[in-house]
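Work through the exercises below with the sequence and the model open. Each task is followed by a solution in steps.

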Amino acid sequence: MTKTLRLLGAGLVTALLVTSCGSSAGSSDDGVELKMVESLTNPARTAVLKGLIEDFEAANPGTTVDLISPPTNSADQKIQQMLQSKKGIDVLEVRDTTVGPFTANGWLRDLAPDLKGWAGWADMTQQAVDYAQGEDGTWYIPYGFYGLSLFYRKDLVEKAGFAGPPASWDELLQQASAIQDPDAGTYGYAFRGGTNGNGNLVTAIEAYVADDLDKANAFKTTDGKSIFAAPEALTAAQTYFDLFEKASPPSSVAWGYPEMVEGFSNGSTAFLLQDPEVIATVGQSTAIKPDQWGTAPLLVGPTGKAAQPVATAGWGMSASTEHAAEATKLIEFLSSGEASTTFTKENSLVPILTSAASDPYYSEGPWASYVTMTNAPDTYLSVIQPRNVDWWTEWTQKADGDVQRVITGDMTPAELLAGWDAYWVEKWAAA
Amino acid sequence: MIFRETVPARVTRVAFLGLWLVITLFPLYWITVTSLKAPGDIFSQPLTYWPTALTLENYAGLFAQSDFGVFVANSLLVSLVGATVATLISLLSGYVLARFEFRSKGVLLAAFFVTQMVPSFIALGPLYLMMTKLGLVDSRLGLILVYIGICIPFCTVMLRGFFANVPDALEEAAMIDGCSRLGALFRVIVPVMMPGIIASFIFNFVNCWNELFLSVTLINSTENQTIPTAINGFISSFNVEWGPMAAAAVLTVVPTMLLFAVASRWIVQGLTAGAVKG
Amino acid sequence: MGGRVTTPETIARRPAAGPRPGSGRGAAPRRAFTGRRALTILAFLAPAAVFVGIFTYYPLLTGAQMAFRDWNLSNFTDASWVGLDNFRTVLHDPVLPGVLRNTVIWVVGSLVPQFVIGFAIALWLRRHFRFRGLYQALIFYPWAVSGFLIGILFRWMFNGEFGVVNDLLEKVGLIDSPVPWLAQPSTAMVAVLIANIWYGVTFFAIMILAALQSVPDEILEAAALDGAGRTRTLLQIVVPYIRITLTVTVLLRVIWIFNFPDIIYGMTGGGPADKTHIVTTWLIQVTQRGDYGVAAAIGLMVLVVLLMFSVFYLLALRERGVKR
């Protein structure tokens with residue numbers, strides 16, 4: 001028995017030695033190691049990012065970059081902990097939803113002085129520059145923009161007897177209901193009832209009130225009231241919830257991003273409203289072939305208009321960094337030239353560089369609908385939602401809960417809208 | 001027991017135990033079958049309970065797409081070291097709490113008990129900050145230290161129960177023979193209590209092996225991740241791929257299942273010794 | 001009825017009350033608190049105290065004080081003290097009543113079936129049969145699977161479109177069309193409970209089996225000689241004999257189930273429409289939106305509730321023990 005114990009003890013000491021040697025030592029002798037953290041992690045994107053980092057390291061001898069890729073669902077919390085501890089983080093992915101809280105705590109470095117006179121500004125679209133250079137500072141450089149389009153199954157739409165994809169929310173409801181056939185395992189619409197399920201409902205409401213929408217704050221109408229108080233909002237909400245009732249898989253009550261995308265790419269649903277990055281994922285699907293699906297522009301409301309909410313994220317720097325010069329170089333590298341083009345193409349993002357306008361890649365296949373939208377700015381309004389407010393996460397949790405309450409019969413659409421209106425009116429009054 | 005079993009009783013017993021065996025094993029069977037199906041077959045209707053084409057594609061994919069081998073090694077290391085140290089330390093504290101009467105004993109036991117009642121979630125933020133200051137964030141050593149702290153309270157109470165059932169005449173005799181108290185503990189009592197110690201160790205091992213929230217908080221880089229953290233990553237990264245996911249689940253469950261299968265006799269034996277006193 | 005014979009209770013009491021061989025209770029050396037003895041105690045307790053103090057208590061206490069400060073995502077730098085504001089926020093949250101109800105359903109709905117099935121298995125396993133060791137080895141494994149993984153496993157099996165549960169139920173003829181288990185408020189809680197019962201039976205089975213094996217055969221033989229029936233032997237001899245194990249096991253399980261968000265987190269995340277939110281999954285949600293002060297307040301309230309429960313539970317049982 002003592003022998004066993006001695007053996008155990010010896011093993012233990014060895015193991016402890018192994019672990020203590022195994023932990024990384026931080027920066028190497030004379031070079032600089034930058035710690036970089038991403039937030040919207042997915043395996044394919046991480047691979048692309050690692051490739052770009054290798055290029056950067058090759059061009060900047062002496063600087064190495066250690067990329068940390070926490071799982072998406074806890075990434076922002078992890079980033080926040082790292083920022084708070086003021087250690088181990090130099091460059092980070094800042095989202096339009098996290099920039100508010102991060103700057104409120106003074107955790108982000110204002111990049112304006114670092115990037116003064118940077119040549120890269122000239123190559124960026126006006127939208128990207130506007131987002132980078134905020135009123136109170138330059139907190140991050142967007143790497144691309146997200147925007148919704150309708151992914152649809154050409155074969156199913158045709159089989160149901162329709163000439164083309166739906167253009168409006170009403171047509172979507174009509175087509176999706178026609179396609180829905182639970183016994184065959186085919187469903188109309190990949191409904192988002194789980195995390196961030198409120199987003200598509202808000203988009204529908206914005207399309208219905210598009211004529212009176214305040215573009216700078218797309219939760220308000222031009223008369224200063226909340227969009228949720230508008231009478232059209234109720235029609236929008238009813239149409240939207242009808243989609244769930246008549247044309248969606250029952251389990252989509254709990255669907256978040258991964259399940260929706262999965263539901264479309266495994267061939268069980270005919271329509272999916274999503275960001276362009278899904279183009280890459282669906283392209284890899286083994287269940288549906290490239291000629292079976294396409295994209296269509298965002299759905300319009302009764303007056304023929306749609307509101308495209310701008311969503312973005314980008315690269316920023318922590319206020320605690322000790323390697324600001326190297327970190328600036330990395331951010332510049334990722335935000336310009338080949339690196340930026342590669343990143344936006346591989347992840348299917350709306351690009352930040354003006355040069356993309358002449359790139360045939362962005363006018364073909366699934367991208368065509370984005371070109372259509374860009375070329376018709378009066379039909380597809382580009383609007384800004386108040387995503388940078390401190391209470392955004394609180395709002396999305398509340399709103400997601402309410403969406404689930406309506407589809408599970410605990411709440412009526414009218415009650416939901418009244419609650420949302422009251423919520424924002426109160427927040428705006430307090431702010 | 002000593003009663004003769006009537007026929008209906010026997011039928012009930014066999015039927016119930018058989019049913020429960022099926023219920024217990026079915027999820028494992030199902031996830032294994034899922035992991036052996038080709039990606040396209042997983043979503044095909046009707047469901048196949050015995051796939052005609054078995055493939056290891058998902059396992060290959062798992063190891064190709066991620067450093068799963070590294071995660072397994074990390075989990076093994078963290079769990080083995082954490083559980084061993086925690087058991088050794090708890091042996092000491094459990095022994096003292098069983099053998100000695102002293103004033104602050106009740107307070108100490110209560111303090112151990114309270115750790116089981118507070119949701120650990122409220123401690124995650126402060127823990128991260130503390131570990132940063134100690135330079136132990138994103139390190140397996142740091143994770144091991146935290147796991148030891150987590151395991152000790154329950155393990156101590158459990159071992160205390162086992163000590164209480166070992167006559168103290170044993171170590172007194174050894175001490176008269178010239179052993180130190182520590183010597184007496186390890187030479188005389190530990191061998192007698194081995195099943196109980198194994199039970200405690202396995203309890204600790206399983207807790208460390210399965211722990212999710214602390215490792216998600218404290219580990220940043222991929223090369224330091226444990227299996228639960230990695231699986232959490234799979235499920236939340238953009239597409240839930242059930243195939244590789246199922247493969248990962250099988251590979252996670254099997255080691256602890258084997259450990260349990262091998263040790264189940266000792267576990268019951270060990271707990272039996274400590275049972276009456278709880 | 002049973003008063004004629006030596007009552008089973010006295011039989012059951014005898015070994016516990018008498019000086020059992022190997023009993024350490026009361027036998028602790030009653031020496032004076034000498035320096036050497038104090039040193040031994042300190043030295044043996046020090047490692048445990050250091051680890052638990054640094055890695056458990058320090059973060060817990062630091063976290064607990066956040067409950068009294070205005071600590072949230074946009075306010076880390078100098079969070080002011082706000083007294084009991086966070087507790088008020090918790091009590092006024094419209095989600096709270098539902099969460100409390102779910103927590104009670106979760107604890108009771110998991111505990112009772114776990115206990116009953118676990119007890120039955122333990123009883124039946126006490127009788128020797130061929131392959132008993134193998135059987136035991138096979139059915140004990142759920143305990144070794146992580147709660148999060150169980151959540152994912154069962155989420156897959158309860159999947160509304162491709163789930164095996166629906167398929168099996170349809171084959172047996174219990175349902176006509178697939179049930180979206182996790183998406184329906186009426187069934188989501190049932191599904192998470194089934195997963196938790198599946199997981200927790202083992203723990204009871206192991207603990208109770210171990211306790212049952214500590215019941216000396218002589219006691220049972222004596223009862224049989226006295227003509228006590230099977231059920232009576234069980235209720236009046238066996239149960240009282242293993243009472244302490246049962247008490248402690250149930251108490252521990254209540255605390256653990258209460259504090260066990262993993263399965264729900266993996267299966268439903270608290271949805272749909274908060275229908276499976278228990279206190280601890282709610283706490284996770286509040287943490288994720290960055291309301292750390294409120295989260296800490298919820299954590300402290302959990303502690304208080306569980307402490308009060310433990311005290312009352314132990315007192316109530318002691319009272320009953322004395323009366324008997």
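**Exercise 1. The two domains of chain A**

Task: Find how far apart the C-alpha centres of domain 1 of chain A and domain 2 of chain A lie, and describe the contact between these domains.

Solution. The model is a predicted one.

Step 1. Locate the domains. In the domain assignment of chain A, domain 1 covers 30–146 + 312–352, and domain 2 covers 149–309 + 373–430.

Step 2. Take the C-alpha centres of the two domains of chain A: they are 30 Å apart.

Step 3. List the contact. Domain 1 of chain A puts in 12 residues and domain 2 of chain A puts in 10 residues.

Step 4. Look at the side of domain 1 of chain A that touches domain 2 of chain A. Helix α4 (residues 99–104) of chain A gives the most to this side, namely four residues. Sorted by class, this side of domain 1 has seven nonpolar, four polar and one charged residues.

**Exercise 2. The overall form of chain A**

Task: Decide whether the radius of gyration of chain A agrees or disagrees with that of a compact globule.

Solution. 

Step 1. Count the elements: chain A has 16 helices and 11 strands.

Step 2. For 431 residues, a compact globule would have a radius of gyration near 22 Å; chain A has 24 Å, which agrees.

Step 3. Along the principal axes, the C-alpha atoms of chain A fill a box of roughly 70 × 65 × 50 Å.

Step 4. In chain A, 50% of the 431 residues count as buried. Of the contacts in chain A between residues at least 6 apart in sequence, 77% join residues at least 24 apart.

**Exercise 3. An open sheet in chain A**

Task: Give the order of the four strands in the open sheet of chain A, and explain why β6 (187–189) and β8 (293–296) of chain A each have one side without a neighbour in the sheet.

Solution. 

Step 1. Read the order: the strands of chain A run β6-β7-β5-β8 across the sheet, with mixed pairing.

Step 2. Find the edges. β6(A) and β8(A) stand there with a single partner strand each, so one side of each is left without a neighbour in the sheet.

Step 3. Check the pairings of β7(A). With β6(A), the pairing is parallel and has two bridges; here Tyr189(A) stands opposite Phe271(A). With strand β5 (residues 149–153) of chain A, β7(A) is joined by four bridges in the antiparallel sense, and Ser149(A) has Gln274(A) as its bridge partner.

Step 4. Check burial: six of the six residues of β7(A) are buried.

**Exercise 4. A covered helix**

Task: State how many residues of helix α8 (residues 198–208) of chain A are buried, and name what covers them.

Solution. 

Step 1. Count: 10 of the 11 residues of α8(A) are buried, and the helix is mostly covered.

Step 2. Identify them. Among the buried residues of α8(A) are Asn198(A), Leu201(A), Ile205(A), Glu206(A) and Tyr208(A).

Step 3. Find the cover. It includes the helices α7 (169–179), α9 (231–247) and α15 (392–407) of chain A, along with the strands β7 (269–274), β9 (306–309) and β11 (380–383) of chain A.

**Exercise 5. Chain C and its contact with chain B**

Task: Describe chain C, then its contact with chain B, and decide whether Ile255(C) is buried or partly exposed.

Solution. 

Step 1. Count the elements: chain C has 14 helices and zero strands. Of its 324 residues, 46% count as buried.

Step 2. Describe the contact. Chain B supplies 80 residues and chain C supplies 81 residues. On the side of chain B that touches chain C, the largest share comes from α13(B), with 16 residues. By class, this side of chain B has 57 nonpolar, 16 polar and seven charged residues.

Step 3. Apply the cut-off. A residue is buried if 20 or more other C-beta atoms lie within 10 Å of its own. Ile255(C) has 19 within 10 Å, so Ile255(C) is partly exposed.

Step 4. List its contacts. Leaving aside neighbours within four places in sequence, Ile255(C) is in contact with Gln116(B), Met117(B) and Leu306(C).

How values were computed. Residues numbered from 1 in each chain as written. Chains lettered and ligands numbered in written order. Predicted model: local features only at pLDDT ≥ 70, side-chain atom pairs only at ≥ 80, totals over all residues. Contact = placed C-beta atoms within 7 Å. Nonpolar A, V, L, I, M, F, W, Y, C, P; charged D, E, K, R; others polar. Domains from an automatic or database assignment. Rg over C-alpha atoms; globule rule 2.2 N^0.38 Å. Buried ≥ 20, exposed ≤ 12 C-beta atoms within 10 Å, placed from the backbone. Pairing = 2+ DSSP bridges.
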